[in-house]
Amino acid sequence: MANPKLLGLELSEAETMGADSARFEELLLQASKELQQAQTTRPESTQIQPQPGFCIKTNSSEGKVFINICHSLSIPPPADVTEEELLQMLEEDQAGFRIPMSLGEPHAELDARGQGCTAYDVAVNSDFYRRMQNSDFLRELVVTIAREGLEDKYNLQLNPEWRMMKNRPFMGSISQQNIRSQQRPRIQELGDLYTPAPGRAESGPEKPHLNLWLEAPDLLLAEIDLPKLDGALGLSLEIGENRLVMGGPQQLYHLDAYIPLQINSDGSKAAFHRKRKQLMVAMPLLPVPS
């Protein structure tokens, strides 16, 4: 079996040495920065020009905020499910449905009264946008996800109350955006990868939801949803050449996943995302022998 790596080592050191929470957060921050760098520097990108859709108005502590909901055929659509199926998915597992979006940079604008404001451009797939136009439910969902995405990306706190602008499809101008040239191909769902430990009772620790995808030919990324946790303290993580094993504090969670790829366990990094309540893992892949 694999030796403990990454988060497992960092946690055991922090606990046995009696390190305070500040030191622990420093370790996680370092791993998070390295993970973010791995996500953003590897894939090539291309520029797109989103088309205007509709504009909503909200605010933050710094003043008025406008979000331009745009669309482009270059952005992949979400899974093709009915609204009834989507409602069921959201009720059972909020992390089980993704709407691909491109979040643009903030740009300063002037509102109708000549007062300063901030605008953001958020683009979704054009075909999905046309479907969204006929559904109040999808429109509300997209605005909510866009708002939360902007809050997370730019460390904002936006008012959840908003209203759609009449006769104004966008605020200011819509800038070009960079997106990945090749979208992340999903590998397999957890049901195909999960390998339970021998003799583990069904009433034991919960099996968390796992998302896996290839960010580049030599980089595998994972997101493990841990909604019952507020931090990474007590988590253990072991990564072998083709296996990922995670244990939760107080036996809340247990994951034992076989991954049909050769992983560079020494170069892997992990960090806990407090807001999303997710453990994020970046795993470089070993070169395939010629």
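This is a predicted model: local features need pLDDT of at least 70, side-chain atom pairs count only at pLDDT 80 or more; totals for chains, interfaces and linings use all residues.
Local features were taken only at pLDDT of at least 70 and side-chain atom pairs only at pLDDT 80 or more, whereas totals for chains, interfaces and linings use all residues. Residues are numbered from 1 along each chain as its sequence is written, and side-chain values use heavy atoms, with hydrogens and water left out.

Helix α4 spans residues 126–133. Helices (H or I, at least four residues) and strands (E, at least two) are DSSP runs, numbered from the N terminus. The buried residues of α4 are Ser126, Phe128, Tyr129 and Met132. They cover an arc of only 155° around the axis, which puts them on the same side of α4. The arc is that of the directions from the helix axis to the C-beta atoms. Buried here means under 20% relative accessible area, exposed means over 50%, and partly exposed lies in between (1.4 Å probe, protein chains only). The buried residues of α4 pack against β2 (51–60), β3 (63–72), β6 (116–125) and α5 (136–154).

The N-terminal end of α4 is capped by Asn125. A side-chain oxygen of Asn125 lies 2.9 Å from the backbone nitrogen of Asp127. Ser126, also in α4, has a relative accessibility of 5% and counts as buried. Its side chain makes a polar contact with the side chain of His71 at 2.8 Å. A polar contact is a pair of N or O atoms within 3.5 Å; within protein, one must be able to donate a hydrogen and the other to accept it, and residues adjacent in sequence count only if both atoms are side-chain atoms. Not counting residues up to four places away in sequence, Ser126 touches His71, Ser72 and Leu73. Contact means heavy atoms within 4.5 Å.

Strands β2 and β3 form a hairpin with 2 residues between them. Their pairing is antiparallel and runs over 9 bridges. Two strands pair if DSSP finds at least two bridges between them. Thr58 stands opposite Val65 in β3. β2 also pairs with β7 (residues 163–164), in the antiparallel sense, over 2 bridges. There, Arg163 in β7 is the bridge partner of Lys57.

An open sheet of 3 strands has the order β11-β12-β13 and antiparallel pairing. β11 (236–239) and β13 (254–258) stand at the edges, each with a single partner strand, so one side of each has no neighbour in the sheet. Neighbouring strands of this sheet are turned by 5° against each other on average, direction ignored. The axes are lines fitted to C-alpha atoms, for helices over the stretch in contact, and angles run from 0 to 180 degrees between N-to-C directions. β12 (residues 243–247) and β13 pair over 5 bridges. Met246 stands opposite Leu255 in β13.

The whole structure holds 9 salt bridges. A salt bridge is a side-chain nitrogen of Lys or Arg within 4 Å of a carboxyl oxygen of Asp or Glu. Asp127 and Arg130 meet in one of them, at 2.3 Å from N to O. These two residues are 3 apart in α4 and therefore separated by about one helical turn. Asp127 is partly exposed at 46% relative accessibility, and Arg130 is partly exposed at 43%.

Glu206 forms a salt bridge with Lys228, with the closest N and O atoms 2.9 Å apart. The pair links distant parts of the chain, 22 residues apart: Glu206 in the loop between α6 (190–193) and β9 (210–216), Lys228 in the loop between β10 (219–225) and β11. Glu206 is partly exposed, at 33%. Lys277 forms a salt bridge with Asp230, at 2.5 Å between the closest N and O atoms. Lys277 lies in the loop between β14 (269–273) and β15 (278–284) and Asp230 in the loop between β10 and β11, so the pair ties together parts 47 residues apart in sequence. Lys277 is partly exposed at 23%, whereas Asp230 is exposed at 58%. Arg147, Glu151 and Lys275 are linked in a network of salt bridges.

Tyr253 is found in the loop between β12 and β13. At 1% relative accessibility, Tyr253 is buried. Its side chain reaches the backbone nitrogen of Lys228 at 3.0 Å. Tyr253 and Glu206 are 47 residues apart in sequence and 4.6 Å apart in space, C-alpha to C-alpha. Leaving aside neighbours within four places in sequence, the contacts of Tyr253 include Pro205, Glu206, Lys228 and Met246.
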